[in-house]
Amino acid sequence: MSDKILEVDNLSVEFATYGGDVKAVRGVSFHVNRGETLAIVGESGCGKSVTVQAIMGIIPMPPGKITGGTAKLNGKNILGLPAKEANLFRGVEIGMIFQDPMTSLNPTMTIGDQISETLMVHRGMSYKDASAMAVQLLDKTKIAEAAKRAKQYPFEFSGGMLQRAMIAQSLACNPAVLMADEPTTALDVTIQAQILELMAELQRTENMSIILITHDLAVVARMADRVAVMYAGQIIESGSVDDIFYRSSHPYTLGLKEAMPSNKDNRDKKLSPILGSPPDLFHPPAGCGYYARCPYAMKVCEHNQPAEYLLAGDTAHQSRCWLQHEGAPANEHLYQAGADHAD
Amino acid sequence: MLIETKDLKKHFHIGRNQTLHAVDGISLQIEENEILGLVGESGSGKSTFGKALIGLHPRTAGTTTYNGELLPAKFTAADHLKYSKELQMIFQDPYSSLNPRMTVLDIVGEGLLIQGQTKRSDVKDQVALWLEKVGLNADHMSRYPHEFSGGQRQRIGIARAMIIQPRFVVCDEPISALDVSVQAQVVNLLEQLKQDLGLTLLFIAHDLSMVRYVSDRMAVMYLGSLVESGPSDDVFFNPQHPYTQLLIEANPEPDPETERNHKYVPIVGEITSPINLGPGCRFADRCPKVMSQCRSVTPKTTVVAPNHTVNCHLFE
């Protein structure tokens, strides 16, 4: 499965504002293999959406600016291409779905026409063929009475149905990669279960890779093969889903896990919030971004950027934390590469 | 028992002889000093129920008893003044529920001034005290809402509700707009206030794991009606109503091992329209165990275990 379809290297994005440049993404590297799901997890403002928007070329420039890095789709760099060239892969090789389907679809066009438009632009189909194909796509995403639904407008759809329609649209050109930016955040848990099931099924049948952006660790546990945890514009830990959940090696990952209730715990167990707030990205800290909130912070963390430590080669479990340095003290709460693990 | 509703209904007339049955006959009791969690999908009428309970919506039918006293169906200005001392609300959206042109001092202190029992000079001290209690700083008083993050705003909303020292607070999705790390802060704060002040809370949310964790008892709503209620762990781990079972089944757990072994059987379809509903079980259209009577007879409340009730024909 080590067939890398998308490889992002050292991506940096800034936004020019009146207050100065916001360094929203600061050197992010990751890859996605064919047919797998990579989850990018983090809280609001950590740069997870900006990362995928930069890859898709949908960041408004200015004020946005890609200040460095590459994103290779099948070995070819797609970062910062002019619109004309970007349209050759955008919506064709990479599809995208958004958090809020209501505002992402055109309210003045029927659902069927919006899907046909994709087919006509990218595949040069006639309106008639495209319309027929749109109905098939709606059918594929399990929308009942697809032919009738295709003639309706977005306001006639519920949130879950709109998300299905958006998935249908993103599948129009059989993309190799589907980027899903918080696809179920606006939906109820029962509808979330339906949409996640649909995505998993389509992934199996189409052999698609999925990049799933979310803040919900339960959704990550359900969907992801690999996970990248972002904080203050950087990936602070990445690895297989089991690495992240069972061998958390960064204090922030641990903090996120302990702030959420688990159904297995007794109700008397107190949740541990992460105190403080993320750093100011106008002036990102010289050291670790999590320093001010970290319960295990050391002197070295304040002014020195931790390196990315490789903890286990087979699953590429990496952690950007000084506690993974060979000279760091042992920490009973964190997984440390140097430590002796009985399991 | 602090609050009891009997067959509470709130209908909205939406023109063309159409009636939206937002809350359609809910009977529920809330004990003193407990947290009752109210869950259900969007459109199930949770927020409308919470608002109708404390007089922010006039009732269409049914009764609400607070502390042994029957609340008026439609609150007058005098009723609002009288009951807002004891009944308060924390709103879902910390952005739209704070007036952007008022300072934090004015927002939090307004209730005290309206109640008229606090001298203007004392209001400042009270506001400072409550800002500290919810984890903000007394220096924040002269600032405006836009200067705060979502979590901080939610805490301003909490301070505004709590400064009156109410007995009962409706918390309408107080954490859904917040980041995971901040949710825990707000939940712990509510828990603490419940213990310190003997508060009673109605905690409305759609995050099942969080509701189970926060509340003593849990009530599940579907399309304006109550389907199940009972002690949180009973409802969560031993759900009886087919809807509750499917709802809890759909709730993912933040644990990859559990999720790998979890076979999902999603509920088919979506919540039906609450307009011009006839009698019968509201879940009948989507229920895998539907029987013929479900479509014509509204199920009664059946006690299945101590404090655990279900509204379903399967148990009658």
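1. Start with one residue pair. Ala228(A) has Ser238(A) as its bridge partner in E10(A). The two strands involved are E9 (residues 226-231) and E10 (residues 234-240) of chain A. They pair in the antiparallel sense, over six bridges. Keep in mind throughout that this is a predicted model.

2. That strand pair belongs to an open sheet of eight strands in chain A. The order reads E6-E7-E8-E3-E9-E10-E12-E11, and the pairing is mixed. Strand E6 (94-97) and strand E11 (309-312) of chain A are the edge strands, each pairing on one side only. From one strand to the next, the twist averages 20 degrees.

3. Helix H8 of chain A covers residues 189-206. Its length can be checked. At 1.5 Å a residue, the 18 residues should span 26 Å; the end C-alpha atoms are 25 Å apart, so the two values agree. Just after H8(A) comes Asn207(A), with a positive phi of about 50 degrees.

4. Which residues of H8(A) are buried? They are Val189(A), Thr190(A), Ile191(A), Gln192(A), Ala193(A), Gln194(A), Ile195(A), Leu196(A) and Met199(A). What do the buried residues of H8(A) pack against? Within chain A, the partners are helix H7 (159-170), strand E7 (177-181), strand E8 (209-214) and helix H9 (217-223). H7 and H9 of chain B are partners too. The packing of this helix therefore involves both chains.

5. Two cis peptide bonds deserve a look in chain A. One runs from Met61(A) to Pro62(A), with omega near -15 degrees. Another joins Pro62(A) and Pro63(A), and there omega is about 5 degrees. Pro62(A) lies in the loop between helix H1 (48-56) and strand E4 (64-73) of chain A. Pro63(A) has its place in the loop between H1 and E4 of chain A as well.

6. Is Asn106(A) buried or exposed? Asn106(A) counts as exposed, because it has 12 C-beta neighbours inside 10 Å and the cut-off for exposed is 12 or fewer. Asn106(A) sits in the loop between helix H3 (101-104) and helix H4 (111-123) of chain A. Its C-alpha atom is separated by 36 Å from that of Asp3(A), which is 103 residues away along the chain.

7. Now chain B as a whole. It has ten helices and twelve strands. For 316 residues, a compact globule would have a radius of gyration near 20 Å; chain B has 20 Å, so the value agrees with that expectation. The C-alpha trace of chain B spans about 65 × 50 × 40 Å along its principal axes. Of the 316 residues in chain B, 47% are buried. Among contacts in chain B with a separation of 6 or more, 63% come from residues 24 or more positions apart.

8. Chain B also holds an open sheet of four strands, in the order E2-E1-E4-E5, with antiparallel pairing. E2 and strand E5 (69-70) of chain B are the edge strands, and each pairs on one side only. Inside this sheet, E1(B) and strand E4 (residues 61-66) of chain B run antiparallel and are joined by five bridges. For a residue-level check, take Thr5(B): its bridge partner in E4(B) is Thr64(B).

9. Two asparagines of chain B call for a backbone check. Asn17(B) has phi near 60 degrees, a positive value in a residue other than glycine. It is found in the loop between strand E1 (3-13) and strand E2 (19-30) of chain B. Asn17(B) counts as exposed because it has 7 C-beta neighbours inside 10 Å. Asn276(B) also has a positive phi, near 50 degrees. Its place is in the loop between H10 and strand E11 (301-305) of chain B. With 11 C-beta neighbours inside 10 Å, Asn276(B) therefore counts as exposed.

10. Last, the interface. The contact takes 33 residues from chain B and 34 residues from chain A. Five helices of chain B each supply at least two residues of the side that touches chain A: H6 (180-197), H7 (208-214), H8 (232-237), H9 (242-249) and H10 (256-260). H6(B) gives the most, with eight residues. By class, that side of chain B has 16 nonpolar, ten polar and seven charged residues.

Methods. Residues are numbered from 1 along each chain as its sequence is written. Chains are lettered from A and ligands numbered from 1 in the order in which they are written. This is a predicted model: local features need pLDDT of at least 70, side-chain atom pairs count only at pLDDT 80 or more; totals for chains, interfaces and linings use all residues. Two strands pair if DSSP finds at least two bridges between them. Axes are lines fitted to C-alpha atoms, for helices over the stretch in contact, and angles run from 0 to 180 degrees between N-to-C directions. The radius of gyration is taken over C-alpha atoms; the globule rule is 2.2 Å times the number of residues to the power 0.38. A residue is buried if 20 or more other C-beta atoms lie within 10 Å of its own, exposed if 12 or fewer, and partly exposed in between; C-beta atoms are placed from the backbone. Two residues are in contact if their C-beta atoms, placed from the backbone, lie within 7 Å. Ala, Val, Leu, Ile, Met, Phe, Trp, Tyr, Cys and Pro count as nonpolar, Asp, Glu, Lys and Arg as charged, and the others, Gly among them, as polar. The expected span of a helix is 1.5 Å times one less than its number of residues.
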